[in-house]
Amino acid sequence: MKKGIHPEYHEINVTMTDGKTVKMYSSVKKDLVLSTDNLNHSAWTGQRTNVGEKGQRAAKFKNKFAGFKF
């Protein structure tokens with residue numbers, strides 16, 4: 001590896017949404033506080049946040065492209 005082109009890594013504290021703190025290495029020099037992590041993101045929890053829009057996306061698509069033939 002070339003010398004002098006890679007950032008220095010520092011040990012930081014990352015605070016999760018539940019208040020738990022984890023030590024990690026990062027090129028960022030300050031501690032991080034997460035607003036989204038695996039405890040509350042829909043990709044990991046399996047819950048959708050837009051449940052009320054069920055069926056509206058398809059209808060909106062059909063209205064938008066009504067003149068086109070697929």
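# Strands, contacts and rings in a predicted model

User: What makes strands E1 and E2 a pair?

Analyst: Strand E1 (residues 10-15) is joined to E2 by six bridges, in the antiparallel sense. Residues are numbered from 1 along each chain as its sequence is written, and side-chain values use heavy atoms, with hydrogens and water left out.

User: How many strands and helices does the chain have, and what makes a stretch a strand or a helix?

Analyst: A strand (E) is a DSSP run of at least two residues and a helix (H or I) one of at least four, numbered from the N terminus. The chain has three strands and two helices, which follow one another as β-β-β-α-α from the N terminus on.

User: Why are E2 and E3 called edge strands?

Analyst: The three strands form an open sheet with mixed pairing, in the order E2-E1-E3. E2 and E3 each have a single partner strand, so one side of each has no neighbour in the sheet. E3 (residues 32-33) runs parallel to E1, to which two bridges join it. In E3, Leu32 stands opposite Val14.

User: Why is Ser26 called buried?

Analyst: Buried means under 20% relative accessible area, exposed means over 50%, and partly exposed lies in between (1.4 Å probe, protein chains only). Ser26 has 15%, so Ser26 is buried. Its place is in strand E2 (residues 21-26). Beyond its neighbours within four places in sequence, Ser26 is in contact (heavy atoms within 4.5 Å) with Glu8, Tyr9, His10 and Ile12. In the chain of 70 residues, buried residues make up 9%.

User: How do you know that the side chain of Asp31 makes a polar contact, and with what?

Analyst: A polar contact is a pair of N or O atoms within 3.5 Å; within protein, one must be able to donate a hydrogen and the other to accept it, and residues adjacent in sequence count only if both atoms are side-chain atoms. The side chain of Asp31 reaches the backbone nitrogen of Asn13 at 3.0 Å, a distance that falls within the limit. Asp31 is in the loop between E2 and E3. At a relative accessible area of 49%, Asp31 is partly exposed.

User: Why do Lys23 and Glu11 count as a salt bridge?

Analyst: The rule asks for a side-chain nitrogen of Lys or Arg within 4 Å of a carboxyl oxygen of Asp or Glu. For Lys23 and Glu11 the closest N and O atoms are 3.8 Å apart, and the pair therefore qualifies. Lys23 lies in E2 and Glu11 in E1, so the pair ties together parts that are 12 residues apart in sequence. Lys23 is exposed, with 55%, whereas Glu11, with 45%, is partly exposed. The structure holds one salt bridge.

User: Why is the pair of Phe65 and Phe68 called tilted?

Analyst: Rings of Phe, Tyr and Trp (its six-membered ring) pair if their centres lie within 6.5 Å; planes under 30 degrees apart count as stacked, over 60 as edge-to-face and the rest as tilted. The count comes to two aromatic pairs. Phe61 and Phe65 form a tilted pair, with 4.9 Å between the centres and 50 degrees between the planes. The centres of Phe65 and Phe68 are 5.8 Å apart and their planes stand at 55 degrees, so this pair is tilted. Phe61, Phe65 and Phe68 form one aromatic cluster.

Technical notes. Predicted model: local features only at pLDDT ≥ 70, side-chain atom pairs only at ≥ 80, totals over all residues. Pairing = 2+ DSSP bridges.
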